[in-house]
Amino acid sequence: MDLLLRNIGLLATPTGNTARKGDSQGQVTLIENAAVGIENGTFVYVGSSDESLKGGKVIDCECRLVTPGLVDAHTHLVFGGWRQKETARKLAGESYLDILKSGGGILDTVRHTRAATEAELYEKSAALLDIMLAHGTTTAECKSGYGLNVEDELKQLRVIKKLNKTGKVELAPTFMGAHAIPSEFTDNRDAYIDLICDETLPAVQSEGLADFCDVFCETAAFTPEESRRVLGKAVEYGLIPKAHVDEIDPIGGAEMAAEMGCISAEHLIRTGGAGIRALEKRGVVACLLPATSFCLGKGYARARDMIEAGVAVAICTDFNPGSSPNLNLQFPMYLAGLKYRLTPAEALTAVTLNGAAAIGRCNRAGSIEVGKQADLVIWDAPDLDYIFYRYGTNLVRRVIKKGEVIEINKYV
Ligand code: IZC
Ligand code: ZN
């Protein structure tokens, strides 16, 4: 063993290589006085802390909590500018969609992203990614969608590719050219969808820049019909579909996502019973984003109903400059308890194994099990309840990513 973690007060992890649904979402393995052995970036021992265990480097976890590294399965990490000026507009009564319709919101970020060079976007995103890692995220999904033309979508995706090579957080790249209709196509939306299908998608595929394709199916963005067209084309190009649905208006998005065989559906704030049943039937992971509900001051998704209906629930930050400028997954974890009434065990599964399932990686990430890649968090916490209780402070002490130890925080 290259690395041995001993004297773990409590090891808490979901197990398995598939998303956990229904009752099994809340069934996590708990081992007191545990140890974990790591070799070549992979877990080789998970069990009790036996004195006879020997390792190269030994870390005494001093009775702390250890969980899998967090998987943030929904972020818009790479963008130019910020949108702090929108806060005053929101407080004065303008809604997210009002701001978008007036040429602000996503379109404001598009202007700044187009104006930024690839190197500038890389520097900015790398610094943001370090903050994510410091809060326990070891794998994240990352979307384009602020270029909205061939060249600038590719620019964003190339930044993601480079971050993946150089940074410690692993990224799952998603093409999201269907995030908004760019201003130059306001009066000709079909032509923009043609551009995505006929030019941007083929270019993304030929450079191998994305694994997934996402669409913003919403009033003032893309209709379910338009979303079907984009996702259908993406599947032809070998990308796995995802969709932002029912965030603001329920226009049939969840049903569309299920019909298109999406691996995950995002937001689902307004999704009702029929939508929940459709997701369950097709095994779509529900990526819920409670920090976005918090930021928009709107309702919360029916997470309990989803779990009870047998839908696998993941919880993510939705980090973006408009509706969720927060990189810390611990905050939505807290909201999952307060607003969704998830138990700590259900919420832990939501930010680890089920997050990994939403990006097709739960065979190698999302749990602490022999054979999986060695991603974990050592928390400054004595038990699982504690990390769903002390919101507002970063409780991460150390992160281990593929066996590499990263010191985060000595004083919590
Ligand atoms: O930049 O506003 N909902 N897309 C859909 C977003 C939020 C990101 C943004
Ligand atoms: Zn999003």
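## Close-ups of a predicted model

**View 1. The zinc site.** Four residues hold the zinc ion (ligand 2): His74 (NE2), His76 (NE2), His244 (NE2) and Asp318 (OD), at 2.0 to 2.6 Å. Donors here are N, O and S atoms within 2.8 Å of the metal (3.2 Å for Na, K and Ca), and water is not among the atoms, so sites may look incomplete. Along the sequence, the donor residues follow the spacing H-x1-H-x167-H-x73-D. Histidine 74 and histidine 76 are both buried, where buried means under 20% relative accessible area, exposed over 50% and partly exposed in between (1.4 Å probe, protein chains only).

This is a predicted model, in which local features need pLDDT of at least 70 and side-chain atom pairs count only at pLDDT 80 or more, while totals for chains, interfaces and linings use all residues. Residues are numbered from 1 along each chain as its sequence is written, chains are lettered from A and ligands numbered from 1 in the order in which they are written, and side-chain values use heavy atoms, with hydrogens and water left out.

**View 2. Where the two domains meet.** The domain assignment (automatic or from a database) gives domain 1 (3-68 + 368-407) and domain 2 (71-358). Their centres, taken over C-alpha atoms, sit 29 Å apart. Contact (heavy atoms within 4.5 Å) links 36 residues of domain 1 with 29 residues of domain 2. Together the two domains bury about 2600 Å², and carbon and sulfur atoms give 66% of that; buried area is the accessible area (1.4 Å probe) that two parts lose on being put together, summed over both. Gln25, Phe388 and Lys401 supply 27% of what domain 1 buries against domain 2, more than any other three residues.

**View 3. Salt bridges across the interface and beyond.** A salt bridge here is a side-chain nitrogen of Lys or Arg within 4 Å of a carboxyl oxygen of Asp or Glu. Three of them cross the interface of domain 1 and domain 2. Lysine 402 pairs with glutamate 170 in a salt bridge, with the closest N and O atoms 3.8 Å apart. Glutamate 404 does likewise with lysine 168, at 3.0 Å between the closest N and O atoms. The whole structure has 27 salt bridges.

**View 4. A buried charged pair.** Lysine 143 and glutamate 141 join their side chains in a salt bridge (2.7 Å, N to O). Lysine 143 counts as buried because its relative accessibility is 0%. Glutamate 141 is buried too, with a relative accessible area of 0%.
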